[in-house]
Structure formats: C-alpha cells, structure tokens
Amino acid sequence: MEYETHVGANKYIVTDDYVVSTDTKVIAHVFLQESIWRVPKETVSIGSYAALGNDNIHTLICPDSLLEIGECAFMDGALDEVHLPERMKYIGACAFESTT
C-alpha cells in the first residue's frame with residue numbers, strides 16, 4: 001500500500017516501510033519490521049525520531065549519500081551494529097541513545 005500525504009507545505013509518500021519525502025531523499029518515519037535495514041541509496045537524511053523505539057532493526061547500513069541523522073532518530077531501539085558513511089555531516093543529539 002502506498003499513498004501521498006501532506007504535512008504543512010511538505011509532501012510525503014507513505015509505504016508499508018517508510019514515510020518518505022516525495023523526492024525520496026528524506027526518511028521521516030520508519031515502520032520497518034526487518035532486522036537489517038539497508039537505507040535506500042538516494043537517501044540524504046533520516047529525520048529526527050524516525051525510528052524511535054523501533055525494536056526490529058538490529059543492523060543499520062547507510063549509503064554514501066547519507067549526510068545527516070536527526071536527533072533521537074534511533075533512540076530506545078535495538079541497534080547492535082551501525083555502518084555510517086565517512087562523509088556524514090551531522091548526527092543529532094541522542095540519535096543512538098539507549099540502543100542495545
């Protein structure tokens with residue numbers, strides 16, 4: 001299932017796995033049920049609180065295109081392993097706080 005929604009002037013696509021900007025560069029929320037998340041290669045940003053409390057994701061593999069991860073993005077989750085690109089520009093406060 002996929003549909004489009006609006007938050008203010010911003011348009012997003014809602015899928016079974018994500019809420020993502022219409023240009024697919026910003027992931028606003030993650031519903032993923034898999035233990036390994038290979039972030040889509042066109043993603044530039046993972047928004048604040050995007051995967052807050054997601055106990056399903058244990059491994060995060062980010063593409064070279066990813067530049068930022070918002071605050072508390074993976075807080076209170078179950079991450080055991082994280083692969084970040086070298087050119088990351090920003091990781092928000094508490095992005096990985098209280099992960100296993």
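Two strands count as paired here if DSSP finds at least two bridges between them. Strands (E, at least two residues) and helices (H or I, at least four) are DSSP runs, numbered from the N terminus. With that in hand, V26 has S45 in β6 as its bridge partner. What you're looking at is a predicted model, where local features need pLDDT of at least 70, side-chain atom pairs count only at pLDDT 80 or more, and totals for chains, interfaces and linings use all residues. Residues are numbered from 1 along each chain as its sequence is written, and side-chain values use heavy atoms, with hydrogens and water left out.

**The chain as a whole**
- The protein chain has zero helices and 10 strands.
- Its radius of gyration, taken over C-alpha atoms, is 13 Å, close to the 13 Å from the globule rule for 100 residues, so the chain is as compact as a globular protein of that length. That rule is 2.2 Å times the number of residues to the power 0.38.
- The C-alpha trace spans about 35 × 25 × 20 Å along its principal axes.
- Of the 100 residues, 40% are buried, meaning under 20% relative accessible area, with exposed over 50% and partly exposed in between (1.4 Å probe, protein chains only).
- Among contacts (heavy atoms within 4.5 Å) with a separation of 6 or more, 13% are between residues 24 or more positions apart.

**The sheet**
- Seven strands make an open sheet with mixed pairing, in the order β1-β2-β3-β4-β6-β8-β10.
- At the edges sit β1 (3-7) and β10 (90-91), each pairing on one side only.
- Strands of a sheet pair through backbone hydrogen bonds, either parallel or antiparallel.
- β4 (residues 26-30) and β6 (residues 45-46) run parallel and are joined by two bridges.
- β1 and β2 (residues 10-14) run antiparallel, with five bridges between them.
- Those two strands, β1 and β2, form a hairpin with two residues between them, and G8 in the turn has a positive phi of about 65 degrees.

- H6 lies in β1, and its bridge partner in β2 is K11.
- With a relative accessible area of 48%, H6 is partly exposed.
- H6 and S21 are 15 residues apart along the chain, and their C-alpha atoms are separated by 9.8 Å.

**The nonpolar core**
- A nonpolar core is a set of buried Ala, Val, Leu, Ile, Met, Phe, Trp, Tyr and Cys residues joined through side-chain atoms within 4.5 Å.
- The largest one has 21 residues, and V30, W37, I46, I69 and F74 touch the most other members.
- β3 (18-21) and β4 are the elements that give two or more residues to this core.
- Leaving aside neighbours within four places in sequence, I46 is in contact with residues including I27, W37, L66, I69 and F74.

**N54, a buried loop residue**
- N54 lies in the loop between β6 and β7 (59-61), and counts as buried at 10% relative accessibility.
- A polar atom of the N54 side chain lies 3.3 Å from the backbone oxygen of L32.
- Not counting residues up to four places away in sequence, N54 touches V30, F31, L32, D76, G77 and A78.

Note on methods: A polar contact is a pair of N or O atoms within 3.5 Å; within protein, one must be able to donate a hydrogen and the other to accept it, and residues adjacent in sequence count only if both atoms are side-chain atoms.
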